[in-house]
Structures are given as C-alpha cells and as structure tokens.
Amino acid sequence: MTQYCIKCRRPVEGESCPICGRKKLRPITGEDACFLTELKEPWSDVLAEILTQEDIPVLRQGAAGVGLAAEIGMFPERHQFFVPYACLEKGQALAEAFFSGNYAGENE
Ligand SMILES: [Zn+2]
C-alpha cells in the first residue's frame, strides 16, 4: 500500500521514505498534498493556470508564502507545487506535457 511522508509530502512505496529516511509513515489519502514540481516565474503562473483549468486544486509555495518558504528563501523566485494525491497522476502528466511542449528550454 502506498504510504505518505508528511515531512517531504510525497507518496512512498516501501517502509521508509527514500528522501528523508523517515519510518513514521501513514497510509496516503486522496487529499494529501504531494510534491509535483518546482518552477520559477513566470512559468509557475502558467502551470498553475493549466492545472486550475483541469480542476486540479494546486497549492503553490514560494517566496510570498509562509513556513516552508522561509527554508527555501534563497530561491525567492521559485515556487513549489503540491497537488492532492488523487490528482497527482494527472498533474504529473500535465506537467510533463508542459515541460516537453512549447515551454521547453525555460532553463535559460
Ligand atoms: Zn520523507
């Protein structure tokens, strides 16, 4: 069964999180926010709009946010995207299409 690491906010297959090593995992639910991708402006705005149009509730954290944003304050223009686990697969497909499509080459 897929578990959820509340620290990394990612689905985990197995007994411990491969990223932080945490073993206190719990079964994932459809509402759990999962890390999708990280983008900088203005691409983050474009992707947010694409996801919203597909009825995927997107949670975006960046320099203007709180908490986590303070930890990643060294990258002020970057936004991290989280979507509910139930929408993760669709979100990943959209993000992939986004990255491989007309928007490719955004990394300078
Ligand atoms: Zn973790």
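Predicted model: local features only at pLDDT ≥ 70, side-chain atom pairs only at ≥ 80, totals over all residues.
The chain has 108 residues, of which 21% count as buried. Among contacts between residues at least 6 apart in sequence, 58% join residues at least 24 apart.

**The sheet**

- Three strands form an open sheet in the order β4-β6-β5, and their pairing is antiparallel.
- β4 (33-40) and β5 (59-61) are the edge strands; each has a single partner, so one side of each has no neighbour in the sheet.
- On average, neighbouring strands of this sheet are turned by 25 degrees against each other, direction ignored.
- Strands of a sheet pair through backbone hydrogen bonds, and the pairing can be parallel or antiparallel.
- Between β4 and β6 (residues 78-84) the antiparallel pairing runs over 7 bridges, and lysine 40 has arginine 78 of β6 as its bridge partner.
- Between β5 and β6 the antiparallel pairing runs over 3 bridges, and leucine 59 has phenylalanine 82 of β6 as its bridge partner.
- Strand β6 is mostly covered, with 5 of its 7 residues buried.

**Helices across the sheet**

- Helix α1 (residues 43-53) lies across β4, β5 and β6 and runs at about 140 degrees to β4.
- Helix α3 (residues 85-100) lies across β4 and β6 and runs at about 25 degrees to β4.

- Ser44, Leu47 and Leu51 are the buried residues of α1.
- These residues cover an arc of only 65 degrees around the axis, which means that they sit on the same side of α1.
- An α-helix has 3.6 residues a turn, so residues three or four places apart point the same way.
- The buried residues of α1 pack against β4, β5, β6 and α3.
- Asp45, Glu49, Thr52 and Gln53 are exposed on the other side of α1.
- Just after α1, aspartate 55 takes a positive phi of about 65 degrees.

**Tryptophan 43**

- Tryptophan 43 belongs to helix α1.
- A residue counts as buried with 20 or more other C-beta atoms within 10 Å of its own, and as exposed with 12 or fewer. Tryptophan 43 has 16 other C-beta atoms within 10 Å, so it is partly exposed.
- Tryptophan 43 and histidine 79 are 36 residues apart in sequence, while their C-alpha atoms are 9.5 Å apart in space.

**The nonpolar core**

- In soluble globular proteins, nonpolar side chains tend to be buried together.
- The largest nonpolar core of this model has 12 residues: Cys34, Leu36, Leu39, Leu47, Leu51, Val58, Phe81, Phe82, Val83, Tyr85, Cys87 and Leu88.
- The elements giving two or more residues to this core are β4, α1, β6 and α3.
- Tyrosine 85, one of the core residues, touches Pro11, Ile28, Thr29, Gly30, Asp32 and Cys34, leaving aside residues up to four places away in sequence.

Conventions: Residues numbered from 1 in each chain as written. Pairing = 2+ DSSP bridges. Helix = DSSP H or I, 4+ residues; strand = E, 2+ residues; numbered from the N terminus. Axes fitted to C-alpha atoms, helices over the stretch in contact; angles between N-to-C directions. Contact = placed C-beta atoms within 7 Å. Core = buried A, V, L, I, M, F, W, Y, C linked by C-beta atoms within 7 Å. Arc of directions from axis to C-beta.
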